[in-house]
Amino acid sequence: MKYIVIEIQKFADGTIAVPPINTYDSFFDAVSRYHTIMATAAISDVPVHSAVILTETGQEIKMDSYNKV
């Protein structure tokens, strides 16, 4: 099974950025990357900063977001 970690950033002007998507063979490597993104999001100046882990079939495993607006 492959795991996909996506970071999503929404800026004050409404634009959306999705930095390069990471894929992992290991669930725990994916979780580690997810938490790294969320740790950065907690202190970033980006108004809406999110992360999600998906399976290779698109099933959501974990998702969280900081909304500072």
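Strands E1 and E2 pair in the antiparallel sense over two bridges (strands pair if DSSP finds at least two bridges between them). Strands, labelled E, are DSSP runs of at least two residues, while helices are H or I runs of at least four, and both are numbered from the N terminus. Within this pairing, Lys10 has Ile16 in E2 as its bridge partner. The hairpin of E1 and E2 has five residues between the strands, and there Gly14 takes a positive phi near 95°.

A word on provenance: this is a predicted model, where local features need pLDDT of at least 70, side-chain atom pairs count only at pLDDT 80 or more, and totals for chains, interfaces and linings use all residues. Residues are numbered from 1 along each chain as its sequence is written, and side-chain values use heavy atoms, with hydrogens and water left out.

## The other partners of E1

E1 also runs antiparallel to E3, with three bridges joining them. Eight bridges join E1 to strand E4 (residues 48-55), again antiparallel. Val5 shows up in both pairings: its bridge partner in E3 is Asn22, and in E4 it stands opposite Ile53.

## Overall layout

The protein has one helix and five strands, which follow the pattern β-β-β-α-β-β along the sequence. Its C-alpha atoms fill a box of roughly 35 × 20 × 15 Å along the principal axes. For 69 residues, a compact globule would have a radius of gyration near 11 Å, and the 12 Å found here agrees (taken over C-alpha atoms, with the globule rule being 2.2 Å times the number of residues to the power 0.38).

Of the 69 residues, 33% count as buried (buried is under 20% relative accessible area, exposed is over 50%, partly exposed is in between, using a 1.4 Å probe and protein chains only). The protein exposes about 4,300 Å², and carbon and sulfur atoms supply 56% of that; accessible areas come from the Shrake-Rupley method with a 1.4 Å probe, and for residues only the protein chains shown count as cover. Among contacts with a separation of 6 or more, 46% involve residues 24 or more positions apart (contact means heavy atoms within 4.5 Å).

Ile6 sits in strand E1 and is buried, with a relative accessible area of 16%. Leaving aside neighbours within four places in sequence, Ile6 is in contact with Val18, Ile21, Ser50, Ala51, Val52 and Leu54. Ile6 and Ala30 are 24 residues apart in sequence, with their C-alpha atoms 10.0 Å apart.

Val18 and Ile21 also belong to a nonpolar surface patch with Ile8 and Ile16, which has about 340 Å² of accessible area together. Patches are made of residues with over 30% relative accessible area and no salt bridge, joining like charges within 9 Å and nonpolar side chains (Val, Leu, Ile, Met, Phe, Trp, Tyr) within 5 Å. Ile21 lies in the loop between strand E2 (16-17) and strand E3 (22-24) and counts as partly exposed because its relative accessible area is 49%.

## One salt bridge

The structure holds one salt bridge (a side-chain nitrogen of Lys or Arg within 4 Å of a carboxyl oxygen of Asp or Glu). Asp25 forms it with Lys2, and the closest N and O atoms are 2.6 Å apart. The pair links distant parts of the chain, 23 residues apart: Asp25 is in the loop between E3 and helix H1 (27-43), and Lys2 is in the segment before strand E1 (3-10). Asp25 is exposed at 58% relative accessible area, whereas Lys2 is partly exposed at 40%.
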